[in-house]
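Here is a short briefing on salt bridges and a sheet. Look over the model, then read the points below.

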Amino acid sequence: MKKMILLISAICFLTLMGMAVAQSNATSANQSMTVLKQDSGTNLTKMNLSLYSAATDFGIDAFGVGEAVKFTAPRPDWNLKQIRIAGWNGFNRTEKKVPSPNNFLIEVRDEKLNLLYRMADTQNAYFTFSAPVLRAIDIPALKVNGDFYVVFYDRGAMVLEMENENATGNSYFYDSLNNELLPAQFMNEMNMSTKVNWIIRAVGE
Amino acid sequence: MAEFSSLEAGEAVKFTAPKAGWKLQKVRVLGWSGYNNSSQSFPADRNIMLEIRDKDLNLLYKFADAQNNYFLSDAGPLLGEIEIPAVPVTGDFYVVFYDRGAAPIGMENFNGTGNSFIFINGQILPADRTIQETNETIKINWLIEALGK
């Protein structure tokens, strides 16, 4: 619990509005593949972005809550081969201090939320950069049809980029305990709700 | 509760699919990652691993993740549930749990059904314990459940 509270504090401290996202070299590979986006599609360096962790709102329950984006396969039996996540582990280049290793989790679910694929790995292996990075994570080719969801569980181990405007309505929270989706939206001080886009992309052919 | 110091040893249970085309969707393991009452803290994340193998021990599915995501409790062992993509299984199959010293697994000390094993280096060995006073060998049961439809 102490660890989680510290993580929450650290993450709350990292509210860096409009922070530019560096693009990992890995994302430029496989140019022939199709990249599905459910954010505004604006160049990331010009997007209105914030950093978010589910631990901020869900505390210890963040283990079971993921940031989800709904995509639609461009054709039947489309092969999902790569997932791109814009995130950061908070690495401080000046202090050269890499955070304690903790796992994030990625799931792919079909339109009925049935689990199709799952992988977990340490955040430091992908997101140790001096700023948020759009990181490509290869997965074994997975045939998807129609709508499908990519779910990313940051677990308080790292932060995910979210676009604060131009919401497309395809970003959600996925509550794995209750197997349900909730719209990704936040209330501001004026009690107005704002929908956001998670910067998660699906790549395949 | 039991754990093995070897990172390569897994606690395995043999199940039989109830019908042809049955799909395994979840595995439940009685385990615990521990809790330090003095410092009121949980242990650091360490990975456990889960495997599904067919009757010939061919690997069908593999997944590793931090133990605290499934076995976090300040009140003792719990039945942690690990969801897996539906794996079609036919006839006998094995669920293998590698505690890796991160999450000891619950075991039933008596009434062994003969379906619990240690899986190590490709070999499947009976899971049993020896009572020192009588030198009697007693089979045990790992508390692992397989769920599907």
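Over all chains, the count comes to twelve salt bridges (a side-chain nitrogen of Lys or Arg within 4 Å of a carboxyl oxygen of Asp or Glu). This is a predicted model: local features need pLDDT of at least 70, side-chain atom pairs count only at pLDDT 80 or more, and totals for chains, interfaces and linings use all residues. Side-chain values use heavy atoms, without hydrogens and water.

**Between chains**
- Glu83(B) and Arg109(A) form a salt bridge at 2.7 Å, N to O.
- Glu83(B) lies in strand 5 (residues 78-88) of chain B and Arg109(A) in strand 6 (residues 103-110) of chain A, so the pair joins two chains; strands are DSSP runs of E, at least two residues, numbered from the N terminus.
- Arg109(A) is buried, with a relative accessible area of 0% (buried means under 20%, exposed over 50%, partly exposed in between, with a 1.4 Å probe and protein chains only).
- Glu83(B) is partly exposed at 23%.

**Within chain B**
- Glu51(B) pairs with Lys62(B) in a salt bridge, the closest N and O atoms being 3.9 Å apart.
- Glu51(B) is in strand 3 and Lys62(B) in strand 4 of chain B, so the pair ties together parts eleven residues apart in sequence.
- Glu51(B) is buried at 2% relative accessibility, whereas Lys62(B) is partly exposed at 47%.

**Sheet in chain A**
- Six strands form an open antiparallel sheet in the order 7-6-9-4-11-12; two strands pair if DSSP finds at least two bridges between them.
- Strand 7 (115-122) and strand 12 (180-183) of chain A stand at the edges, each with a single partner strand.

Terms used. Residues numbered from 1 in each chain as written. Chains lettered and ligands numbered in written order. Helix = DSSP H or I, 4+ residues; strand = E, 2+ residues; numbered from the N terminus.
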